[in-house]
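The sequence and structure are shown below.

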Amino acid sequence: MYNKNIILTALIACTTLIIGYIGITIHRRQSGHTSTPAHYSLKTLATHNNIIPLAIIGSGPAGLSAALYGARGKIHTIVFEGKQPGGQLTTTSYVENWPGISKTLGTDIIKGLRKQAQECGALCVPETIKQVNFSSWPFVLTLEDKSTVHAATVVIATGATPKKLGVPGEQEYWGKGVTTCAICDAPFFKNNNVIVVGGGDSAIEEALQLAPYVKQATIFVRSSQMRASAAMQEHLKDAANINIRYNVKITAIKGDDKFVHSVDIEENGTASTMPIDGVFLAIGHEPNTTLFTPYIAVDTNGYITLSTATQATSIPGIFAAGDVADHRYRQAGVASGDGIKAALDASEFLRALGYNADFEKEYLNKFYTPLSLNTKKLQKIGTNDEFTKEVTESPLPVVLDFYTDYCPSCLQMLPTVEAIAQELEGKIKFLKVNALEFNELAEKLEVPTVPTLVVMSKGAIVGRTHDVMNKQELLHFVNQFIQA
């Protein structure tokens with residue numbers, strides 16, 4: 001017979017080992033340190049072309065911070081800047097809570113981050129990812145022109161998009177008095193009366209940006225109180241031309257086909273019409289996750305869910321950072337930190353595969369090299385004589401890019417416009433016009449907002465758009481004016 005004490009001791013030892021194993025496994029899963037799937041191997045990666053060891057989708061603080069750390073880690077890093085290069089931070093004016101800098105422009109933060117990442121070797125390209133396939137590895141990313149790249153790791157940093165009201169007239173008058181960017185369009189509303197819709201920090205920020213220009217800015221708060229922080233509300237005390245109305249919502253936006261002239265509202269249950277010249281929306285954001293939801297786990301609000309200790313998503317090798325996975329903090333500094341963590345997680349993942357300088361050197365000819373880095377700097381015109389010479393007398397159609405130095409959307413589109421100007425050189429001419437410096441021409445050509453592209457042929461306007469477009473959309477728009 002077996003000794004009962006020996007059997008009991010053995011059972012206790014086995015139980016301890018099993019519990020310990022389960023505990024380690026749970027810890028690893030919670031920490032994101034799961035083992036690399038067997039089909040993830042450098043041999044598999046090397047069988048493909050257009051390889052990207054670290055692909056970053058998005059170019060706000062999260063994406064650019066990830067690019068900085070990826071490139072510093074000697075990893076071939078590509079940033080797909082997307083339709084809104086720089087992200088939401090470029091739509092703010094002064095930022096007072098960026099660590100180490102008491103006060104600076106949001107656009108300057110992005111410029112600094114981008115420059116630093118590029119100096120370390122990251123490649124920032126004005127391309128938008130239109131489709132992904134995360135069902136196999138390496139991951140397949142499809143660009144606007146339908147070409148594909150193969151990514152060993154991906155950092156999703158696509159941020160969030162401002163919400164809209166969804167009322168009649170909103171889309172019709174978008175860019176004609178309805179906007180989400182005070183810093184872009186405030187100069188076009190000098191001595192006008194405008195509405196800012198929202199109750200958070202963003203609404204106050206919009207109103208403060210409008211205050212130096214407009215006659216009156218009225219903040220419409222849909223509830224009985226604001227959600228904005230006490231610090232932001234304190235700023236309103238110094239703005240005499242900003243007032244607040246509570247329990248009011250817009251039910252329709254109306255105009256004369258060119259510009260907004262009034263809104264229908266409900267205030268405390270009573271309907272009325274209010275004359276107004278502009279409507280600025282600041283009612284929150286939705287995460288840009290639609291592209292990824294067929295593959296990546298998201299929460300009930302559409303935000304990407306992460307492991308408890310890392311930036312790892314539900315798919316090994318894919319990480320997320322910034323507002324696309326953060327419904328709580330939504331701060332630029334937090335997004336930057338998340339981007340750094342995501343790049344470090346991706347670096348660790350690649351090292352586990354055996355990725356190193358030797359692999360990069362051996363297969364460098366298979367790495368993705370962006371063609372859209374070739375651009376043509378646009379000539380600027382600022383006088384009537386220059387307009388006559390370069391536009392009216394031009395044998396080619398001319399695209400006039402109206403911008404201001406304070407317009408983030410203008411800065412976002414510029415690399416795309418420059419890339420297309422290079423691609424279509426000799427077929428169509430691109431020029432840029434500062435709408436504030438050459439206001440006479442802006443008024444003559446009825447430019448109500450920036451960015452605006454006006455297409456002219458033989459001195460006549462043949463097309464225009466004020467949409468922020470990606471490369472493929474802009475190519476489609478411009479190609480219709482090129483003479484066969």
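Which side chain meets K115 in a salt bridge? The partner is E119, with an N to O distance of 2.4 Å. The model discussed here is predicted.

## Salt bridges

A search of the whole structure finds 11 salt bridges. K115 and E119 are about one helical turn apart because they lie four residues from each other in helix α4 (residues 106-119). K115 is exposed, at a relative accessible area of 51%, and E119 is likewise exposed, at 57%.

Another salt bridge joins the side chains of E446 and K258 (3.4 Å, N to O). This pair links distant parts of the chain, 188 residues apart: E446 is in the loop between α12 (439-444) and β23 (452-457), and K258 is in the loop between β14 (248-255) and β15 (260-267). E446 is partly exposed, with a relative accessible area of 47%; K258 is also partly exposed, at 45%.

The side chains of E390 and K429 form a salt bridge as well (3.2 Å, N to O). E390 is buried, at 14% relative accessible area, whereas K429 is partly exposed, at 21%.

## Positive surface patch

K163, R222, R227 and R330 form a positive surface patch. R330 is located in the loop between β19 (318-320) and α8 (332-353) and is partly exposed, with a relative accessible area of 45%.

## A buried loop serine

S394 occupies the loop between α10 (384-392) and β21 (398-403). Its relative accessible area is 7%, so S394 counts as buried. A polar atom of the S394 side chain lies 2.9 Å from the backbone oxygen of L396.

Technical notes. Residues numbered from 1 in each chain as written. Predicted model: local features only at pLDDT ≥ 70, side-chain atom pairs only at ≥ 80, totals over all residues. Heavy atoms only, no water. Patch = residues over 30% accessible without salt bridge, like charges linked within 9 Å, V, L, I, M, F, W, Y side chains within 5 Å. Areas by Shrake-Rupley, 256 points an atom, 1.4 Å probe, with all protein chains shown as cover. Salt bridge = Lys/Arg side-chain N within 4 Å of Asp/Glu carboxyl O. Lys, Arg positive; Asp, Glu negative; His and termini not counted. Charge placed at Lys NZ, Arg CZ, Asp CG, Glu CD. Helix = DSSP H or I, 4+ residues; strand = E, 2+ residues; numbered from the N terminus. Buried < 20%, exposed > 50% of the residue type's maximum accessible area, 1.4 Å probe, protein only. Polar contact = N/O pair within 3.5 Å; in protein donor to acceptor, adjacent residues only side chain to side chain.
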